[in-house]
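Have the model open beside you as you read.

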Amino acid sequence: MLNTHSGSTLGSSQLKLRSLEAVWHPCTQMKQHEVIPLVPIVRGKGVWLYDSDGRNYLDAISSWWVNLFGHTNPSINAAICDQLEKIEHVMLAGFTHEPVVALSERLKEIAPGSLGHCFYASDGASAIEIALKMSFHYWQLCGQSTKNNFVSLQNDYHGETLGALSVTDVAIFRETYAPLLRQCTHVPTPDWRYAEKGESSENYAIRAAALLENYLEKHHAEIAAFILEPLVQGATGMGMYHPVYLKRAREICNRYRVHLIADEIAVGFGRTGTMFACNQADISPDFLCLSKGLSGGYLPLSVVMTTDEVFQAFYDDKTARAFLHSHSHTGNALACRAALATLDIFEHDQVLDGNKIKAAYLNNIALPLSMHSKVKNFRNCGMIWAFEAETDDPDFAAKCFQAGLQQKLLLRPLGKTVYFMPPYVINEQEMDLLIDGTLRVMDAL
Ligand SMILES: *Cc1c(COP(=O)(O)O)cnc(C)c1O
């Protein structure tokens, strides 16, 4: 008889076995767990995760890029506990509450440009669906019914629901789900790794932008929006590019009356060194999608921020002209409080300045790693570091993950790309452990 008492503490091996029976884990070939054990986590503190066997791991990838200020952060915990005593959740149609109002006003203040209208959902992919639908619907409302396609970048990732997957460029997904997806054009990526030998990242980005312009010049009448991951193309391997591309993309989208959707789900909230990646090109998109770090990584929450121009197109006496999209947990009060507590930390602790010092420290101690014989393209943008491992081993990612655990590191390479995206609370001693451990991992593989 299984123990089903919620909150019970299971033994480590029992937890692993029962998880494999009952939980279908994400992004996982379940059969591989016949040989690779699950890691049962019982608690976390700061950058550290602790498993039920008493081992600890430095969360070098912020638990899939969501965590900003460490696990069980005292001030975020306190904010959620306080909110829990007031109201945990109430529907956001016909009702409102202080956390969602306060969060929307603060996001408006810090977001680039004038993105004064916040539409909430619970995860990144849903935010992408909302931005795509809103853009399409806007053009319908403006009588431009031919504008119903989207353009994205080669190697972009926008999530895995069907609409988001249509604008995502990951071969394995595109092939498997092709019959379910919309046709979408992917214009060449400005990722500097694709530059000609000797070509600067800036010149390459300018050349890539010219190809975007060629495309929109011909097809703008059918295109509702251009969607991109600003500065860092995360999920397909931390491809980094020059901000001039964003500047050009904004100009080109204006010229051809195409919306610009900035998917800052991964890069928003300081990851690239500025609060938002768009800040580095001094541009503002028509739609800004945020999630992951929005709630400090605590609770599922996402938001699409847009302009007054878009909002006004839907503002009408007729219900049918409204944006009738909904999610059950839209604007969840607990998640909004976690987000407000997260923004408080940014404000009070001068996080962006502190991160510059941390990034400089890590770049300095990472010199031996960047020169390691099996390390290629070592690169950094804000609080993101990445390199490619020189290897022909098709199982590199799984082996590196295992070897990382041996060094008390949670690393989860994307193919041959090893990356660090640590919580911002990481200290110098922890950065030393991260680099030393990764060097040992690369030596061993
Ligand atoms: C993670 C991610 C998404 C999807 O967010 P989910 O919450 O996983 O659905 C979309 N876009 C980018 C750039 C992401 O990194």
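A backbone N or O atom of A125 sits 2.8 Å from an oxygen atom of the ligand, a polar contact (a pair of N or O atoms within 3.5 Å). G124 and K292 also bring polar atoms to ligand oxygens, as the table shows.

| Residue | Polar atom | Distance to a ligand oxygen |
|---|---|---|
| G124 | backbone | 2.7 Å |
| K292 | side chain | 2.6 Å |

Of the 380 Å² of accessible area that the ligand has on its own, the protein covers 82% (Shrake-Rupley method, 1.4 Å probe). This is a predicted model, in which local features need pLDDT of at least 70 and side-chain atom pairs pLDDT 80 or more, while totals for chains, interfaces and linings use all residues. Residues are numbered from 1 along each chain as its sequence is written, and side-chain values use heavy atoms, without hydrogens and water.

Which residues are around the ligand? They are W65, D123, G124, A125, Y157, H158, G159, E229, D263, I265, A266 and K292, each with a heavy atom within 4 Å of the ligand. By class, this shell holds five nonpolar, three polar and four charged residues; Gly counts as polar here.

Now to the cysteines. The count of disulfides (cysteine sulfur pairs within 2.5 Å) is zero. C278 is in no disulfide either, with the sulfur of C289 nearest at 11 Å. C27 is exposed (over 50% relative accessible area) at 58%, whereas C278 is buried (under 20%) at 1%.

Technical notes: Polar contact = N/O pair within 3.5 Å; in protein donor to acceptor, adjacent residues only side chain to side chain. Buried < 20%, exposed > 50% of the residue type's maximum accessible area, 1.4 Å probe, protein only.
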